[in-house]
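Here's a quick walk through a few spots worth looking at in this fold. Keep the viewer open as you read.

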Amino acid sequence: MVTRETWRQGVSTGVATTYKLGKVIFPITLIVTILQHTPLLSWIVRMFEPMMGMFGLPGDAAVVLVLGNLLNLYAAIGAMFTMALQVKQVFILAIMLSFSHSLPIETAIASKIGVKSWIFITVRLGLAVVSGLLIHLLWNGGGEMAQYGMVPQQQAVDGWFSIFLLGVKTACLAIVQLAIIVIPLMLGIQLLKDLKVLPYLARKLTPFTRLLGVSENTGVTFIAGLTFGIAYGAGVIIQAAKEDNLSRKDLYLTAIFLVACHAVVEDTLLFVPLGINVLYLLLLRVIGAFAITVLTARIWSLVEARSRQAKREQML
């Protein structure tokens with residue numbers, strides 16, 4: 001049931017989340033802006049330039065990928081706000097980060113479901129690398145410079161005080177844009193919780209779960225991961241995995257899909273301020289997760305069939 005408390009809690013959570021994210025984005029954006037005018041960032045760029053060149057990215061894109069994978073998407077986006085990138089380069093970074101981000105935290109949380117950590121890391125990094133290479137090789141467009149909404153484009157500055165002010169302005173505007181996205185998003189999530197629509201949506205996912213090769217009992221786990229993400233939805237996912245008595249195969253296949261495609265609303269909308277078509281970003285992420293999960297399910301079934309055949313032959 002939706003009450004006044006639902007709206008209050010949703011807005012309150014949105015503000016609190018924005019504050020929490022802002023504490024990450026503000027210092028990262030400010031620091032990267034200042035580093036761009038020092039020899040240190042130039043040294044990092046030269047060191048990673050050959051590797052980034054494989055994806056059609058400039059050397060300083062390594063800073064974005066490192067921040068995204070070791071910290072979170074918010075830190076990576078904060079760094080991107082300070083860089084002059086083409087639309088194609090922003091899209092490549094966005095799809096790579098969509099597949100692979102917050103590795104230490106999300107891997108630790110997701111492993112609680114009962115799947116080995118190295119599988120999470122291998123799947124996510126593998127999808128990030130393959131998707132980045134394919135987009136670079138197959139997409140000939142996106143050569144125009146990306147526009148970052150309210151965030152000012154790179155401009156000439158004179159003196160450290162001017163550099164500092166530019167960093168502060170860029171960081172503040174980035175936080176404002178994220179607040180416009182995050183607060184309504186948290187309100188929507190609160191509405192979903194209070195309306196108790198997760199079990200209903202889980203039943204509607206039955207054809208989808210069958211196609212992936214997992215049981216119908218995984219519906220709630222899928223909804224929780226897709227809606228709330230690995231970190232925010234960890235409690236729901238872990239509890240659902242226990243209560244629904246999921247098999248080892250169900251656990252692994254569900255985990256593989258969700259580590260590649262989770263928090264699809266939040267993670268996708270976060271890239272809106274970067275000026276790219278997030279619909280394509282979402283579709284590619286879902287397709288990638290679906291492909292790797294179906295492939296794993298087929299291989300799993302084949303191995304199981306051969307194992308059963310070998311046991312029958314031994315009995316004979």
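## A serine in a loop

Where does S102 lie? It sits in the loop between α5 and α6 (103–110). Keep in mind that this is a predicted model.

Is S102 buried or exposed? With a relative accessibility of 7%, S102 counts as buried. If you skip its neighbours within four places in sequence, S102 is in contact with G68, N69, L71, N72, L73 and T107.

## A helix tucked inside

One of those contacts, L73, takes us to helix α4, which covers residues 73–80. Here 8 of the 8 residues are buried, so α4 is largely enclosed by the rest of the structure. The buried residues are L73, Y74, A75, A76, I77, G78, A79 and M80.

## How α7 packs

Next up is helix α7 (residues 117–138), with two packing partners to look at. Two packed helices are described by the angle between their axes and the distance between the axes.

Take α5 (residues 87–99) to begin with: its axis and that of α7 are 7 Å apart, at an angle of about 160°. Anything over 145 degrees counts as roughly antiparallel, and α5 and α7 are therefore roughly antiparallel to each other. The crossing of α5 past α7 is right-handed. On the α5 side, the contact is made by K88, F91, I92, I95, M96 and F99; α7 brings R124, L127, A128, S131, G132, I135 and H136. Sorted by class, this contact has 8 nonpolar, 3 polar and 2 charged residues.

The other partner is helix α13 (residues 248–260), whose axis comes within 9 Å of the α7 axis and crosses it at roughly 40°. α7 and α13 are therefore oblique to each other. Here too, α7 passes α13 in a right-handed crossing. From α7, the residues making the contact are I119, F120, V123, R124 and L127. From α13 they are Y252, A255, I256, V259 and A260. This contact of α7 with α13 has 9 nonpolar, no polar and 1 charged residues. R124 and L127 of α7 turn up in the contact with α5 and in the one with α13.

## Rings that meet

How many aromatic pairs does the structure hold? There are 6 aromatic pairs. One of them joins F208 and F222: the ring centres are 5.9 Å apart and the planes stand at 80°, so the pair is edge-to-face. Since F208 lies in helix α10 (residues 206–212) and F222 in helix α11 (residues 219–232), the pair ties together parts that are 14 residues apart in sequence. F208 is partly exposed, with a relative accessible area of 23%, whereas F222 is buried, at 0%.

F208 also pairs with F290, and this pair is tilted, with 6.3 Å from centre to centre and 35° between the planes. F290 lies in helix α15 (residues 278–315) and F208 in α10, so this pair ties together parts that are 82 residues apart in sequence. F290 is partly exposed, with a relative accessible area of 26%.

Notes: Residues are numbered from 1 along each chain as its sequence is written. This is a predicted model: local features need pLDDT of at least 70, side-chain atom pairs count only at pLDDT 80 or more; totals for chains, interfaces and linings use all residues. Side-chain values use heavy atoms; hydrogens and water are left out. Rings of Phe, Tyr and Trp (its six-membered ring) pair if their centres lie within 6.5 Å; planes under 30 degrees apart count as stacked, over 60 as edge-to-face and the rest as tilted. Helices (H or I, at least four residues) and strands (E, at least two) are DSSP runs, numbered from the N terminus. Buried means under 20% relative accessible area, exposed over 50%, partly exposed in between (1.4 Å probe, protein chains only). Axes are lines fitted to C-alpha atoms, for helices over the stretch in contact, and angles run from 0 to 180 degrees between N-to-C directions. Angles under 35 degrees count as roughly parallel, over 145 as roughly antiparallel, 65 to 115 as roughly perpendicular and the rest as oblique. A crossing is left-handed if the near helix is turned anticlockwise from the far one by less than a right angle, and right-handed if clockwise. Contact means heavy atoms within 4.5 Å. Ala, Val, Leu, Ile, Met, Phe, Trp, Tyr, Cys and Pro count as nonpolar, Asp, Glu, Lys and Arg as charged, and the others, Gly among them, as polar.
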